[in-house]
Amino acid sequence: MPHQADMPHNLLPPVGADASRGCVWYVGAGPGHPDLITVRGLDRLARADCIVHDALVPAALLDRGAPTAERIPVPRDSSDADPGDTTGRLLAKLASSGRKVVRLKGGDPAVFGRLTEELRPVREAGIPFEIVPGVTAMLAAAAAAGVPLTSRSTASHLTLLTGHEAEEKATSLDIAALAALPGTLAVYMGVGQAARWASQLVAAGRPTTTPVTIVSRCSWPDQRITTTTLGACAEGFATHRWPSPAVIIVGDVAVEGEGVPPAPLAGKRILLTRPAGQADDLAAAIAMLGGESIHVPVVEIVPPESWEPLDAAIRQAGTFDWIVFASVNGVESFRGRLRALRLDARALGTVRLAAIGAATARALDEAGLECDLEPGVSTSEGMVEALLPTIRGGRVLLVRADRGRDVMRRELEAAGHDVTEVAAYSSRPVTSLDAATIAHIERLPIDWVTATSGVIAESAARLFGPWMRSWRIASLSPITSAVLRRLDRPPDCEATDPSPAALAAAIARWEAARPAVPGEPSPSGQPSRST
Ligand code: SAH
């Protein structure tokens, strides 16, 4: 039996002990970013039949539940007359019908989370439950701002308090005692009432010069960090510029940290336009630099007019010296047709395989095919340059889109090679956006749009029209940039080589060089001193 003795309050033995019984897992979702949940939390999400969640938990986490799991949002604040009880009864009802219920709560379930009220009906019904801790907002805020919460010299303890209660008459906050404590205060729900609790602390003897760090919308794309003083908070500074939710760290530790250099793309939202299923590398490169991406494909990949040329080439694949794949799509089609023809890798004989771009080489690898050549420069020119010294009078098969540049064929033929070119797919512009996508684009401020090919640039200009004029444009290559200029949408930056990492880096360089705009809040993530 697992450690029952260690868990006197949790009636639930570790997962799966009694698969037929309903239960409730209270799971801390963390402060907002979907990767700040625990491994155990993700595990419980994946097992749940039903997910009862706060309105604010990120959609990306809800997606981690089974597609069949029911999602039930509950209001962030249950009515004050009945705080938490209604949700608790809902949980008990769902679990007593035998369902595994996840109650997904922001931050940690036990911190200002009405856990007592939500647990009571579940306990009373004898339903097994488990509490999975989460990263509470204060911990995430301290990490984001680079401040310690305790310090050997200035803070040997840490107090969590609600700033919301300060307005209530029957408050249980003892402001005088809090003011006298020499440690750190972390104030939750404190922005709206900042002037009130800050002046109460000052009146009770905390110096007006006490440092304060405010972390607003911690770990969300629009996170903001600022440092100020208790005196400035008392004068109402904190109330107007810092959107909820925010955590306010009060105490000498607030200046002890060196701060954290802001991520280069923090707070930037970037629209990716590549075909469905092909934006992951770019999204990952942008996320690495702290940016957020949204994906609206502007072209779709469809089969070529006829499979016959590709099929014919595959049947005689073993007779070529090289097969060159220009893109992931080419590899996917090739692989699909190989199978459709009831052939496998043996059909390739001794032919060598070349790929333009790391993603294309990876697609070959995933198909169980070794890539023999991936030029350092991921362009047609780079491929020609890499191939030329390797063969003389060779037979080369180019697997590519049905339209595009024919640099490779021309140059390889000029060098005396016998080149066969086959269309493995066609990319077709998306002709209209659905209503949900339009609403999404109108609602979210977008900073950048990416153009990763000429076809994509043309389609984006047509689909996004005037919107695109208000966005910055990032181009993957000189060829794409030329198309953008022709469309009167000159790019603001261009990747130094046509890879996702270089495109994300180009955007970051442009942002770093951008002059500060007067009156705009400091770049997000950047601690700034304001009074
Ligand atoms: N259980 C949650 C707290 C819920 S009370 C936790 O452990 O974090 C709601 C308060 O949490 C907000 O008023 C704010 O003070 C804080 N909070 C929650 N998410 C936050 C975020 N992403 N950034 C800053 N503060 C946040």
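This is a predicted model: local features need pLDDT of at least 70, side-chain atom pairs count only at pLDDT 80 or more; totals for chains, interfaces and linings use all residues.

Colleague: How many helices and strands does the secondary structure of the protein come to?
Modeller: The protein has 20 helices and 20 strands. Both are DSSP runs, numbered from the N terminus: helices are H or I with at least four residues, strands are E with at least two.

Colleague: What share of the 531 residues counts as buried?
Modeller: 48% of them. Buried means under 20% relative accessible area, exposed over 50%, partly exposed in between, with a 1.4 Å probe and protein chains only.

Colleague: And what part of the contacts with a separation of 6 or more comes from residues 24 or more positions apart?
Modeller: 70% of them. A contact means heavy atoms within 4.5 Å.

Colleague: On to sheets. What is the strand order in the open sheet with parallel pairing?
Modeller: The order is β12-β11-β18-β19-β20, five strands. Two strands pair if DSSP finds at least two bridges between them. The edges are β12 (292–295) and β20 (493–494), each pairing on one side only.

Colleague: How many bridges between β18 and β19?
Modeller: Four, in the parallel sense, between β18 (residues 448–451) and β19 (residues 472–475). Trp448 stands opposite Arg472 in β19.

Colleague: Which strands does α18 lie across?
Modeller: Helix α18 (residues 454–470) lies across β11 (269–272), β18 and β19, at about 165° to β18. Helix α19 (residues 478–486) also packs on the sheet, touching β18, β19 and β20, and its direction makes about 145° with that of β19. Axes are lines fitted to C-alpha atoms, for helices over the stretch in contact, and angles run from 0 to 180 degrees between N-to-C directions.

Colleague: Where is Thr452?
Modeller: Thr452 is in the loop between β18 and α18. Its relative accessibility is 13%, so Thr452 counts as buried.

Colleague: What does Thr452 touch?
Modeller: Leaving out residues up to four places away in sequence, Thr452 touches Arg274, Leu282, Leu476, Thr480 and Leu503.

Colleague: Now the mixed sheet. What is the order there?
Modeller: β13-β17-β16-β14-β15, five strands in an open sheet. Its edge strands are β13 (299–302) and β15 (352–355). On average, neighbouring strands are turned by 25° against each other, direction ignored.

Colleague: How do β14 and β16 run, parallel or antiparallel?
Modeller: Parallel, with four bridges joining β14 (residues 322–325) to β16 (residues 395–401). Ile323 stands opposite Leu397 in β16.

Colleague: Which strands does α14 lie across?
Modeller: β14 and β15, running at about 140° to β15.

Colleague: At what angle does α14 pack with α13?
Modeller: About 20°, with the axes of α13 (residues 328–340) and α14 (residues 358–366) 8 Å apart. That makes α13 roughly parallel to α14. Angles under 35 degrees count as roughly parallel, over 145 as roughly antiparallel, 65 to 115 as roughly perpendicular and the rest as oblique.

Colleague: Which residues make the contact?
Modeller: From α13, Val328, Val331, Glu332 and Arg335; from α14, Ala359, Thr360, Ala363, Leu364 and Glu366.

Colleague: And at what angle do α12 and α13 pack?
Modeller: About 70°, with the axes of α12 (residues 308–315) and α13 10 Å apart. The two are therefore roughly perpendicular to each other. Leu310, Asp311 and Ile314 in α12 meet Ser333, Phe334, Arg337 and Leu338 in α13.

Colleague: Last one. Why is β7 largely enclosed by the rest of the structure?
Modeller: Because five of the five residues of β7 (residues 184–188) are buried. Thr184, Ala186 and Tyr188 cover one side, Leu185 and Val187 the other.

Colleague: Which way does β6 run with β7, and β7 with β10, parallel or antiparallel?
Modeller: β6 (residues 158–162) runs parallel to β7, with five bridges. Leu160 stands opposite Ala186. β7 and β10 (residues 246–250) run antiparallel, joined by three bridges. There, Val250 is the bridge partner of Leu185.

Conventions. Residues are numbered from 1 along each chain as its sequence is written. Side-chain values use heavy atoms; hydrogens and water are left out.
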